[in-house]
Amino acid sequence: KEDAQHVGDFQVVLCWDQDRLSREDHCDAFDHWLHLRRFGVRIETVRQGPLDIESLPGVIQSIVVQHGKAQYVKDLAANSSRGRRQLAKQGVWPATAPYAYRRDGSGCLVLGPEIEVETVRMIFHEYTSRHTSLRSLAHRFNDRGIPSPSGKLWTEGRMRNLLVRPVYKGRAPFNRFGTNPDRTRYERPESERIWSEAPPIVSAELWEAAQVQLQSRQRCRSP
């Protein structure tokens with residue numbers, strides 16, 4: 001939309017299929033269509049032909065097709081999520097393994113490379129025993145040349161994300177987050193999560209101590 005408004009050096013958008021332009025619901029998609037039309041840009045598709053939003057039959061047809069495309073994506077996501085939930089209930093981890101873990105031949109979580117396992121242990125021990133800040137802890141690991149799970153430098157946020165994961169005490173929640181109708185994420189309560197077992201890297205007591213310290217520091221920083 002921004003290119004059509006500010007650049008204005010094209011008159012047509014060519015797509016293989018209507019859903020290649022957008023798989024949003026028909027309300028959001030129609031907003032894109034109107035914006036392009038406002039700046040004199042046509043939409044042509046190989047499968048459906050030109051997108052007609054000038055005539056009433058064309059508008060109805062475009063909306064019906066768009067609704068079907070958007071619903072297909074929702075159904076596909078729901079079916080995929082249902083399948084992964086079933087796997088999680090059977091003890092299979094249906095996603096990328098967390099840092100310091102790998103998936104074995106049956107899909108269950110097992111301990112990963114020793115250097116990653118030891119990194120996790122050091123983070124928990126140093127954070128709780130030295131009562132240090134996450135920022136200081138990140139600087140310390142960066143100074144030692146220890147990469148973060150992404151291979152980049154450690155940051156306060158990356159340290160926090162690792163420390164709050166219950167998988168390191170042996171409990172791995174699969175569907176921790178859900179998606180609202182407006183596409184924002186929300187955190188499910190523990191009672192609604194599917195829990196898988198994993199080999200613990202730290203004790204439950206050490207993990208809980210880290211959570212207490214995180215919450216305590218958060219309260220101190222809050223106005």
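Which residues lie nearest the centre of the second largest pocket? They are Val-164, Pro-166, Glu-190, Arg-193 and Trp-207, out of 13 residues that line it. This is a predicted model, in which local features need pLDDT of at least 70 and side-chain atom pairs count only at pLDDT 80 or more, while totals for chains, interfaces and linings use all residues. Residues are numbered from 1 along each chain as its sequence is written, and side-chain values use heavy atoms, with hydrogens and water left out.

**The second largest pocket**

- A pocket here is an open set of points on a 1 Å grid over the protein atoms alone, where a 1.4 Å probe fits and protein lies on both sides within 12 Å along at least five of seven lines; lining residues have an atom within 4 Å of a point.
- The second largest pocket has a volume of about 210 Å³, and the elements that give two or more residues to its lining are strand S6 (171-173) and helix H8 (204-221).
- Helix H8 gives the most to this lining, with three residues.
- By class, the lining has five nonpolar, one polar and seven charged residues.

**Helix H7 and its partners**

- The axes of helix H5 (residues 114-130) and helix H7 (residues 156-163) come within 11 Å and cross at roughly 100 degrees, which makes H5 roughly perpendicular to H7, a term for angles of 65 to 115 degrees.
- In contact, meaning heavy atoms within 4.5 Å, Val-120, Ile-123, Phe-124 and Tyr-127 of H5 meet Met-159, Leu-162 and Leu-163 of H7, and this contact has seven nonpolar, no polar and no charged residues.
- The axes of helix H6 (residues 134-143) and H7 come within 8 Å and cross at roughly 100 degrees, so H6 and H7 are likewise roughly perpendicular to each other.
- From H6, Leu-134, Arg-135, Leu-137, Ala-138 and Phe-141 meet Glu-156, Met-159, Arg-160 and Leu-163 in H7; by class, this contact has six nonpolar, no polar and three charged residues.

**Aromatic pairs**

- There are three aromatic pairs, counted where ring centres of Phe, Tyr and Trp (its six-membered ring) lie within 6.5 Å.
- Tyr-101 and Tyr-168 form a pair that is stacked (planes under 30 degrees apart), at 6.0 Å centre to centre and with 25 degrees between the planes.
- This pair links distant parts of the chain, 67 residues apart, with Tyr-101 in strand S4 (residues 101-103) and Tyr-168 in the loop between H7 and S6.

Note on methods: Axes are lines fitted to C-alpha atoms, for helices over the stretch in contact, and angles run from 0 to 180 degrees between N-to-C directions. Helices (H or I, at least four residues) and strands (E, at least two) are DSSP runs, numbered from the N terminus. Angles under 35 degrees count as roughly parallel, over 145 as roughly antiparallel, 65 to 115 as roughly perpendicular and the rest as oblique. Ala, Val, Leu, Ile, Met, Phe, Trp, Tyr, Cys and Pro count as nonpolar, Asp, Glu, Lys and Arg as charged, and the others, Gly among them, as polar. Grid points are joined across faces, edges and corners, and a volume is the space filled by probe spheres set on the points. Rings of Phe, Tyr and Trp (its six-membered ring) pair if their centres lie within 6.5 Å; planes under 30 degrees apart count as stacked, over 60 as edge-to-face and the rest as tilted.
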